[in-house]
Amino acid sequence: MTAPIEVSGSEAEAQPEAVLAGMGGKVEGRSLGQIAWMRLRRDKVAMSGGALVILLILMAIFAPLLTSWFGHPTGEFHQDMIDPNLQRPLHGPWHSGISGKFLLGVEPTNGRDIFSRIVYGARISLLIAFLATLLSVVIGSTLGIVAGYFGGWVDTVIARAMDVFLAFPLLLFAIALAGVVQGKVFGLSGNGLRIGLLIFIIGFFNWAYIGRIIRGQTLSLREREFVDAARSMGARAPYILFRELLPNLVAPILVYSTLLIPTNILFEAALSYLGVGVNEPTPTWGGMLAQAVPIYSVDPWFMIVPGVAIFITVLAFNLFGDGLRDALDPRAR
Amino acid sequence: MVTTPDTTVVEEPRPAGPEGEVLLEVSGLRKHFPVTRGAVVKRQVGAVKAVDGVDFTVRAGRTLGLVGESGCGKTTTGRMITRLLEPTDGRIVFEGRDITHVSQGTMRPLRRDIQMIFQDPYSSLNPRKTVGSIVGAPFRLQNVATEAGVKKAVQDLLDVVGLNPEHYNRYPHEFSGGQRQRIGIARTLALRPKLIVADEPVSALDVSIQAQVVNLLEDLQDEFHLTYVVIAHDLSVVRHISDQVGVMYLGKMVELGDNESLYDGPMHPYTVALLSAVPVPDPSVRGGRERIRLQGDVPSPLNPPPACRFHTRCWKAQEVCGQVEPPMVELKPGHQVACHFPENAPPDAESRVAKAAGIA
Ligand SMILES: Nc1ncnc2c1ncn2[C@@H]1O[C@H](COP(=O)(O)OP(=O)(O)O)[C@@H](O)[C@H]1O
Ligand code: SF4
Ligand SMILES: [Mg+2]
């Protein structure tokens with residue numbers, strides 16, 4: 001994996017007040033967060049992205065309900081829908097199997113409901129992407145803020161660690177580790193273990209990007225006199241780090257998170273596609289793609305559906321993330 | 001002795017001993033910032049001598065003005081007094097207690113007594129916090145109880161500094177520079193300090209606002225029995241508020257005297273030059289004074305000129321100035337200067353300086 005998003009702005013000066021650009025007098029009684037929200041609300045593209053993100057999350061949360069209303073259990077075979085000779089769905093446009101009972105058609109060979117598998121696949125995708133992002137952000141922000149504030153040897157050690165992690169061949173490592181870790185670890189086994197492992201690999205090895213951004217911003221924030229003011233009143237380091245500095249870092253953390261989530265979705269899909277992710281019969285978008293690719297010339301529909309699902313999700317997060325960045329720092333546009 | 005801040009009520013002013021008693025004593029104070037080279041293995045290749053031997057005392061209820069061009073070490077001095085910076089050498093004695101190197105833990109309860117007003121009102125207030133939580137933070141940090149709650153205490157403070165107490169929930173970006181500086185002042189007052197170091201409290205403000213803030217500081221001094229060290233880069237700002245004025249040049253104190261004596265008869269050529277740059281409203285007074293333009297820039301504190309540091313720019317400089325450092329000599333009562341050839345000085349001044357320097 002190379003750098004998921006550019007980190008060139010990491011050394012830029014932290015400007016929490018940047019959100020005020022062009023607001024004129026309309027700021028009375030509003031926090032910087034409220035001003036950013038006012039601006040974000042006016043950005044139609046970002047708001048559509050955000051709405052789509054919320055829909056996807058709801059879809060993942062209510063997957064059991066949705067499949068019971070509009071679909072069939074993910075593991076249920078419907079061989080009656082399949083042509084026994086050609087192994088293709090019998091009905092629907094382009095032999096997709098689409099009908100009132102199977103909204104997105106059925107799988108070739110087994111005849112499982114694609115709609116249900118997409119809906120449940122969203123769960124895996126979002127769960128892993130969110131938790132991995134959370135892990136990266138927690139580790140990265142903490143180490144970044146500590147390195148930036150304390151400086152000295154603490155900073156040297158953390159900055160070196162960041163370099164090591166940034167140079168790490170993550171994909172190769174993930175493939176190797178997924179092959180090695182089997183059986184029961186920490187009371188987890190099977191797909192529970194797989195999911196935990198993916199979250200750990202994707203999350204733990206990605207903290208250095210956000211770490212570097214937060215470190216750079218902290219370096220410039222700590223020169224602000226409000227930090228000295230807090231010290232001169234007797235504030236201890238944890239207070240300064242988490243009560244004075246952290247609130248000023250919420251903007252870069254939020255933006256980076258919304259842009260890291262789609263990268264992690266793609267990464268999880270790639271691992272599942274390569275067969276080192278979550279295993280069958282648990283539905284994943286990457287796994288569905290992997291099954292569809294060898295037969296794409298005969299059954300293109302089967303490949304299009306998970307492909308489009310991944311595309312829409314990644315796009316929605318990116319549109320929202322870009323809009324969020326513009327809303328928080330309009331001058332960076 | 002380690003005192004943990006116990007919960008006490010400080011609604012009352014806490015005067016710092018009898019008026020006129022020594023509150024702060026600074027002697028031989030130095031701060032050298034090491035200059036290092038090399039990315040991994042750092043070698044020290046020199047030091048910025050930001051403050052290089054400064055002495056003064058401040059008496060309770062009085063104001064010392066510290067003046068000098070930008071870069072001469074005023075902020076660094078202020079930060080050492082408030083112990084935001086660790087002095088390299090010298091002594092800081094506050095209320096008879098040596099606080100030069102006390103640990104941050106020991107310093108914490110003492111911080112109630114020594115507060116600082118910062119230079120840049122845009123950088124000294126956290127943009128993510130409301131005025132209420134900014135001004136209320138000292139109460140929480142020092143575990144100080146208030147009679148009617150923190151909110152009431154904060155609103156009283158806002159009122160004292162001339163802000164609308166209803167603006168408690170507003171954010172710093174909603175205020176002008178002058179109002180922000182008032183918020184900063186309210187914050188320093190929260191703990192009823194004895195000593196306030198004000199680092200160029202008005203230099204970031206419009207000229208029209210400057211007088212208002214200076215007047216506020218004066219009013220507060222009477223009301224809360226405060227002792228001030230007020231830093232400024234030109235002599236006009238501290239003129240009315242100071243009892244004593246110290247002039248700094250390249251990390252050294254070059255002249256220190258009672259307000260009137262110093263303004264009426266500046267002795268150090270540098271002070272004379274600074275004063276000549278101050279606009280004098282009354283043309284008849286201006287008569288004798290010609291504006292003196294200093295040539296060249298302030299030399300680098302990394303490599304300051306030897307002996308009298310001002311000799312590279314001084315129009316009175318002679319050979320001795322670059323060879324023998326002029327000592328601080330009290331040439332008039334309550335008025336010291338470090339110069340071989342002082343202006344406005346008594347006739348025997350030069351020989352007294354030479355004697356003190358050991359070259360007579
Ligand atoms: N943290 C620091 N590291 C290195 N040099 C510094 C530091 N702080 C101040 N200096 C240097 O010390 C000198 C005095 O600075 P300062 O006390 O801020 O002057 P003033 O407040 O009078 O303008 C300047 O040359 C400045 O560059
Ligand atoms: S000692 Fe000499 S160089 Fe220094 S201020 Fe006095 S006259 Fe000028
Ligand atoms: Mg300064």
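The structure is a predicted model, in which local features need pLDDT of at least 70 and side-chain atom pairs count only at pLDDT 80 or more, while totals for chains, interfaces and linings use all residues. Residues are numbered from 1 along each chain as its sequence is written, chains are lettered from A and ligands numbered from 1 in the order in which they are written, and side-chain values use heavy atoms, leaving out hydrogens and water.

## Chain A as a whole

Let us start with the overall picture. Chain A has 13 helices and 0 strands, where helices (H or I, at least four residues) and strands (E, at least two) are DSSP runs numbered from the N terminus. Of the 333 residues in chain A, 51% are buried, meaning under 20% relative accessible area, with exposed set at over 50% and partly exposed in between (1.4 Å probe, protein chains only). A contact is a pair of heavy atoms within 4.5 Å. Among the contacts in chain A with a separation of 6 or more, 73% join residues 24 or more positions apart.

Two packed helices are described by the angle between their axes and the distance between the axes. Here the axes are lines fitted to C-alpha atoms, for helices over the stretch in contact, and angles run from 0 to 180 degrees between N-to-C directions. A crossing is left-handed if the near helix is turned anticlockwise from the far one by less than a right angle, and right-handed if clockwise.

| Helix pair in chain A | Axis distance | Angle | Crossing |
|---|---|---|---|
| Helix 4 (residues 114–150) and helix 8 (residues 207–221) | within 7 Å | roughly 35° | right-handed |
| Helix 6 (residues 170–180) and helix 7 (residues 190–204) | within 11 Å | roughly 155° | right-handed |
| Helix 12 (residues 285–292) and helix 13 (residues 300–328) | 8 Å | about 150° | left-handed |

Take helix 6 and helix 7 of chain A, whose axes cross at roughly 155°. That angle makes helix 6 of chain A roughly antiparallel to helix 7 of chain A; angles under 35 degrees count as roughly parallel, over 145 as roughly antiparallel, 65 to 115 as roughly perpendicular and the rest as oblique. On the helix 6 side, A:Leu170, A:Ala174, A:Leu177 and A:Ala178 meet A:Arg194, A:Leu197 and A:Ile201 of helix 7. These residues divide into 6 nonpolar, no polar and 1 charged. In this scheme Ala, Val, Leu, Ile, Met, Phe, Trp, Tyr, Cys and Pro count as nonpolar, Asp, Glu, Lys and Arg as charged, and the others, Gly among them, as polar.

Helix 12 and helix 13 of chain A pack at an angle of about 150°. Their contact involves, among others, A:Trp285 and A:Met288 of helix 12 and A:Phe302 and A:Pro306 of helix 13. Its residues divide into 9 nonpolar, 3 polar and no charged.

## Residues worth a look

Helix 13 of chain A also holds A:Val305, which is buried with a relative accessible area of 8%. Its C-alpha atom is 9.0 Å from that of A:Phe115, 190 residues apart along the chain.

A:Ala63 is found in helix 3 (residues 63–70) of chain A and is buried at 0% relative accessibility. Not counting residues up to four places away in sequence, A:Ala63 touches A:Val119, A:Tyr120 and A:Arg123.

A:Ala229, in helix 9 (residues 225–232) of chain A, is buried at 1% relative accessibility. With the neighbours up to four places away in sequence set aside, A:Ala229 touches B:Phe118, B:Ser124 and B:Arg187. A:Ala229 and A:Pro294 are 65 residues apart in sequence and 64 Å apart in space, C-alpha to C-alpha.

Most residues other than glycine have a negative phi. B:Arg192, not a glycine, has a positive phi of about 50°; it lies in the loop between helix 5 (177–189) and strand 7 (195–199) of chain B and is buried at 14% relative accessibility. B:Leu250, also not a glycine, has a positive phi of about 45°. B:Leu250 sits in the loop between strand 9 (244–249) and strand 10 (252–258) of chain B, buried with a relative accessible area of 2%.
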